[in-house]
Amino acid sequence: MVISLQKGQRIDLTKGNASLNQIMVGLGWDPVGKSSGGGLLGGLFGGNKNANIDCDASVIMLQNDKFVNKNDLIYFGNLKSSCTSVRHSGDNLTGDGDGDDEQIMINLKSIPERYNKLVFVVNIYDAVNRKQDFGMIQNAYIRVVNDSSKQELVKFNLTDNYGDLTTLVTGEIYRHNGEWKFAAIGDGTRDRNLSEVVSKFQ
C-alpha cells in the first residue's frame, strides 16, 4: 500500500526492507488549463500564457549536507552521476500527458558513503524571461517506486500555493543510522536558475 505524505513528514525506506536497492523517483506536473480569452487567467499569467512551461527535475548529491563537486548535480545536462548510482531519464519540455514527466533511477547500495543526502528539485527553465512561475503548474508530485517490484512506496502531492515561485525543492532521500529515509519538503523559492539553488548548499 502506497503511503501518502504531507509536507514535513518523513518515512523509512530501507528499515525493515533491507532488500530495497533499485528505486525510481518520479516527478510529475501539469500546466494549468490555458485561458481562451483575456480573462482572469490571461491577466494573472501575462503575455506568455500560451507558451510551454519547461520544468526540469534535478538531483543535488550532498556530502555532509554540502554540494562539493559539479558532477554531483544530475540534470538534463548531466544525466548520470560519476559513481553511476543516479541516472536521469532526460528532459521533458512541456509536462503534458499523464504519469511521471521525468524519472530518476537510483541504486541505493551503490551510492558512495561520502554522500549523505539526495535533494530533488524542479525548476522552470528560463522562468524570468518567460514570465512563468509555479502558479501556472498544477498536480505536482514526487513519488518513490521499488523498481524491482514496481510497487509505489510513497507519494507526496505538492498542494501549497506556489504562485510567484520558480523553483520547488520537492523532497530528499537521506541516510540516518545506516538506513535510507525520504522526507517530503515542498519548499518553493524564487531562484532564477539551478545554479542559484545549488549555491545554497555550498
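**Strand pairing and salt bridges in a predicted model**

User: Which residue in the turn of the S11 and S12 hairpin has a positive phi?
Analyst: S11 and S12 form a hairpin with 2 residues between them; strands are DSSP runs (E, at least two residues), and helices are runs of H or I with at least four, both numbered from the N terminus. In the turn, a positive phi of about 50° belongs to Asn-177.

User: What is the mean pLDDT of the protein?
Analyst: This is a predicted model, in which local features need pLDDT of at least 70, side-chain atom pairs count only at pLDDT 80 or more, and totals for chains, interfaces and linings use all residues. Residues are numbered from 1 along each chain as its sequence is written, and side-chain values use heavy atoms, with hydrogens and water left out. The score is the predictor's confidence in each residue, from 0 to 100. A value of 70 or more is reached by 86% of the residues, and the mean pLDDT is 86.

User: Which residue of S12 is the bridge partner of Gly-171?
Analyst: Strands S11 (residues 167–176) and S12 pair in the antiparallel sense over 9 bridges, where pairing requires that DSSP finds at least two bridges between two strands. Strand S2 (residues 10–12) also pairs with S12 in the antiparallel sense, over 3 bridges. For Gly-171, the bridge partner in S12 is Ala-184.

User: How many of the 11 residues of strand S12 are buried?
Analyst: Buried means under 20% relative accessible area, exposed over 50%, and partly exposed in between (1.4 Å probe, protein chains only). Strand S12 (residues 179–189) is largely enclosed by the rest of the structure, because the number of its 11 residues that are buried is 8.

User: With which residue does Glu-113 form a salt bridge?
Analyst: A salt bridge is a side-chain nitrogen of Lys or Arg within 4 Å of a carboxyl oxygen of Asp or Glu. Glu-113 has such a partner, with the closest N and O atoms 3.8 Å apart. Glu-113 lies in the loop between strand S7 (102–107) and S8 and the partner lies in strand S11, so the pair ties together parts that are 62 residues apart in sequence. Glu-113 is exposed at 67% relative accessibility, and its partner is Arg-175.

User: Is Lys-117, which meets Glu-172 in a salt bridge, buried or exposed?
Analyst: The side chains of Lys-117 and Glu-172 meet in a salt bridge of 3.6 Å, N to O. This pair links distant parts of the chain, with Lys-117 in strand S8 and Glu-172 in strand S11, 55 residues apart. Glu-172 has 11% relative accessibility and so counts as buried. At 15% relative accessibility, Lys-117 likewise counts as buried.
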